[in-house]
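User: I have a chain to go through and would like to ask about it piece by piece. Can we start with the terms and then move to the residues?

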Amino acid sequence: MNPPTDRVEPATDRVEPATDRGGPATDRPGPASSDRPGPALDLAQKVLDSQPFSRLLGARITAFGDGAATLELDIREELHQQNGFLHGGVLSYAADNALTFAGGAALGPAVLTGGFTIQYLRPAVGAVLRARARVVHAGRRQAVVRCDLLTADAEGTETLCAVAQGTVMPAGG
């Protein structure tokens with residue numbers, strides 16, 4: 001598996017928005033690839049929309065396939081903690097879902113999060129939270145997935161604020 005194309009510079013932890021994306025979407029629920037409207041991305045968004053909490057947060061899948069997924073949500077005041085930063089629970093929610101969708105893109109649609117850890121690097125501030133997950137390794141029984149959690153300001157400049165890693169496994173197995 002190729003490493004992620006978005007590289008974070010250690011001095012600033014700022015990355016520019018990704019410009020190279022996966023290939024065309026397909027209508028199969030497994031390892032399709034899409035970052036534009038199409039059957040695979042539409043199906044992933046329908047699955048996300050079936051979660052009442054995701055609808056409450058206004059989460060959306062903006063890329064899905066080839067063992068990767070990106071989940072986004074608009075940062076708004078009611079999602080902040082007492083110091084004015086995005087609440088860590090919102091970051092964890094985004095990591096959990098992005099990890100699971102990326103794992104599902106590699107293992108198939110019926111998957112569950114086996115567990116994950118998250119490291120908060122800096123307070124999350126900005127206009128949009130972007131959880132960009134990619135499978136690091138996939139076998140028959142599980143996938144190991146990494147997720148970078150970035151905030152984007154009004155100009156689209158991204159800042160890395162947390163990193164998560166987890167395992168995703170087929171449901172019922």
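Analyst: One term first: two residues are in contact when they have heavy atoms within 4.5 Å. Also keep in mind that this is a predicted model.

User: Fine. Which residues is Ala102 in contact with, leaving aside its neighbours within four places in sequence?

Analyst: Ala102 is in contact with Gly67, Ala68, Ala69, Ala133, Arg134, Val135 and Val145, once neighbours within four places in sequence are left aside.

User: And where does Ala102 lie?

Analyst: Ala102 lies in helix 3. Its relative accessible area is 0%, so Ala102 is buried.

User: How far apart are Ala102 and Val168 in space?

Analyst: From C-alpha to C-alpha they are 8.8 Å apart, although 66 residues separate Ala102 and Val168 in sequence. Val136 can be compared with Ala102 in the same way: these two are 34 residues apart in sequence and 10.0 Å apart in space, again C-alpha to C-alpha.

User: Is Val136 buried or exposed?

Analyst: Val136 is exposed, with a relative accessible area of 51%. The residue belongs to strand 6. Not counting residues up to four places away in sequence, Val136 touches Val144, Val145 and Arg146.

User: Let's zoom out. How many helices and strands does the chain have?

Analyst: There are three helices and eight strands. In sequence order the pattern is β-β-α-α-β-β-α-β-β-β-β.

User: How much of the chain is buried?

Analyst: Of the 173 residues in the chain, 43% are buried. The accessible surface comes to about 8900 Å², and carbon and sulfur atoms account for 54% of that.

User: Which residues touch the most other members of the largest nonpolar core?

Analyst: Those are Phe64, Leu71, Leu129, Cys147 and Leu149, in a core of 39 residues. Several elements each supply at least two residues of this core, including helix 1 (39-49), helix 3 (88-107), strand 5 (111-120) and strand 8 (158-170).

User: Which element gives the most?

Analyst: Helix 3 does, with 10 residues.

User: Back to helix 1. Which of its residues are buried?

Analyst: The buried residues of helix 1 are Ala40, Leu41, Ala44, Gln45 and Leu48. Looking down the helix axis, these buried residues fall within an arc of 135 degrees, so they line one face of helix 1.

User: Is Cys147 buried or exposed? And Cys161, buried or exposed?

Analyst: Cys147 is buried, with a relative accessible area of 0%. Cys161 also counts as buried, at 0% relative accessibility.

User: Now some charged side chains. Where is Asp148?

Analyst: Asp148 is in strand 7. At 12% relative accessibility it counts as buried, because the cut-off for buried is under 20%.

User: Which side chain does the side chain of Asp148 make a polar contact with?

Analyst: The partner is the side chain of Arg146, at 2.7 Å. Leaving aside neighbours within four places in sequence, Asp148 is in contact with Arg130, Ala131, Arg132, Leu160, Ala162 and Val163.

User: And Glu158, buried or exposed?

Analyst: Glu158 counts as buried, at 0% relative accessibility. This residue is found in strand 8. Its side chain makes a polar contact with the side chain of Arg132, at 2.9 Å.

User: Last one. What is the phi of Asp66?

Analyst: Asp66 has a positive phi of about 50 degrees, although it is not a glycine. Asp66 is in the loop between strand 3 (60-65) and strand 4 (68-74). With 40% relative accessibility, Asp66 counts as partly exposed.

Notes. Residues are numbered from 1 along each chain as its sequence is written. This is a predicted model: local features need pLDDT of at least 70, side-chain atom pairs count only at pLDDT 80 or more; totals for chains, interfaces and linings use all residues. Side-chain values use heavy atoms; hydrogens and water are left out. Helices (H or I, at least four residues) and strands (E, at least two) are DSSP runs, numbered from the N terminus. Buried means under 20% relative accessible area, exposed over 50%, partly exposed in between (1.4 Å probe, protein chains only). Accessible areas come from the Shrake-Rupley method with a 1.4 Å probe; for residues, only the protein chains shown count as cover. A nonpolar core is a set of buried Ala, Val, Leu, Ile, Met, Phe, Trp, Tyr and Cys residues joined through side-chain atoms within 4.5 Å. The arc is that of the directions from the helix axis to the C-beta atoms. A polar contact is a pair of N or O atoms within 3.5 Å; within protein, one must be able to donate a hydrogen and the other to accept it, and residues adjacent in sequence count only if both atoms are side-chain atoms.
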